Amino acid sequence: MIDISKKLESKINDKLASKSKRTSLDDGFKKGKVINEVLDKPTTMTLYKMITNHTISYVNGIVSAGKESVLFWAVDGDGIDVALKVYLVSTSNFKKREPYILGDPRFTSVKKGTRSLVYLWARKEFRNLSQCYKCSISVPKPILQTNNVLAMSFVGNGGRPAKRLLESETGYDDYLETILLLKRLYREARLVHGDFSEFNIFKTDQGLVVFDLGSAVDLRHPRAAEFLQRDINNVNRFFSKRGIPVEDSAKIFGEITH
């Protein structure tokens with residue numbers, strides 16, 4: 001059994017490494033280092049299972065890397081792009097995310113240990129995406145979550161993600177659409193994003209798409225109102241810097257919550 005596991009691990013590592021089209025990342029990570037840190041044995045086996053259960057057919061390479069996760073560009077059996085978000089089990093950053101979990105009534109059992117917390121965070125983001133998607137809110141379509149790997153629709157083309165709001169030209173219509181997203185998250189999905197900003201919104205030809213919903217909390221979370229106010233302030237600050245007129249934050253808060 002050990003020999004078989006080693007062969008599978010070697011096979012998937014070789015496949016992922018050979019498919020990767022980038023040898024380095026903007027933040028200085030080298031491909032070998034990312035492969036070693038992200039694709040530890042449990043993660044490797046999780047990806048292999050996603051291939052054997054036909055969630056994905058193969059992995060093309062790395063799209064982006066951050067302190068908490070690495071995003072891979074994969075393709076399914078129909079040739080459709082899939083985004084694989086692999087949460088790093090080697091980071092201590094997730095300990096800072098506890099305020100977004102503790103107090104959320106949907107996740108009352110939090111096991112100790114970084115790996116358990118990372119797995120819970122992945123499950124939380126998948127659930128948040130699912131709640132939004134069921135309400136037809138513009139988010140990446142959730143496909144599958146297993147351990148520290150989240151598969152979802154790829155927002156972009158040919159392995160290139162869509163431009164974020166930060167990188168796009170913006171107007172008053174974008175501001176109104178952004179506020180509407182906040183309102184729909186609150187009223188329909190019953191969530192507060194918690195990390196809502198120009199960094200976590202794609203601007204596409206079909207409209208805005210909000211992503212990175214791991215921080216999103218249930219409205220019953222004791223700090224939900226605080227997080228919503230911060231999200232509104234983030235939006236107003238960004239559009240104000242762009243010279244776009246914005247509504248009073250307190251007024252927006254009232255309109256969303258009442």
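Y172, Y175, F238 and F239 form one aromatic cluster in this predicted model. In total, six aromatic pairs are counted. The ring centres of Y172 and Y175 are 6.1 Å apart and the ring planes meet at 35 degrees, so this pair is classed as tilted. The two tyrosines were also examined for accessibility. Y172 is partly exposed, its relative accessible area being 37%, whereas Y175, at 1% relative accessibility, is buried. A stacked aromatic pair is formed by F202 and F211, with 4.1 Å from centre to centre and 15 degrees between the planes. Both of these phenylalanines, F202 and F211, are buried.

Aromatic rings are also approached by charged side chains. K124 is placed over the face of W121, at a distance of 5.1 Å from the ring centre. The ring of F107 has the charged end of R127 over it, 5.8 Å from the ring centre.

The secondary structure of the protein consists of seven helices and eleven strands. The protein has 258 residues, of which 49% count as buried. Among contacts between residues at least 6 apart in sequence, 63% join residues that are at least 24 apart.

When neighbours within four places in sequence are left aside, F196 is in contact with T178, L181, L182, L185, I201, V210, D231, N234 and V235.

Strand β9 (residues 201-204) contains T204. With a relative accessibility of 19%, T204 counts as buried, because the term applies to values under 20%. Neighbours within four places in sequence being left aside, T204 is in contact with V155, A162 and V209.

Helix α7 (residues 249-257) has S249, I252, F253 and I256 as its buried residues. These residues lie on the same side of α7, because they cover an arc of only 100 degrees around the axis. The packing partners of the buried residues of α7 are α5 and α6 (224-241). At the start of α7, the backbone nitrogen of A250 has a side-chain oxygen of D248 within 3.1 Å.

Notes. Residues are numbered from 1 along each chain as its sequence is written. This is a predicted model: local features need pLDDT of at least 70, side-chain atom pairs count only at pLDDT 80 or more; totals for chains, interfaces and linings use all residues. Side-chain values use heavy atoms; hydrogens and water are left out. Rings of Phe, Tyr and Trp (its six-membered ring) pair if their centres lie within 6.5 Å; planes under 30 degrees apart count as stacked, over 60 as edge-to-face and the rest as tilted. Buried means under 20% relative accessible area, exposed over 50%, partly exposed in between (1.4 Å probe, protein chains only). A charge sits over a ring if NZ of Lys or CZ of Arg is within 6 Å of the ring centre and within 35 degrees of the ring normal. Helices (H or I, at least four residues) and strands (E, at least two) are DSSP runs, numbered from the N terminus. Contact means heavy atoms within 4.5 Å. The arc is that of the directions from the helix axis to the C-beta atoms. A polar contact is a pair of N or O atoms within 3.5 Å; within protein, one must be able to donate a hydrogen and the other to accept it, and residues adjacent in sequence count only if both atoms are side-chain atoms.
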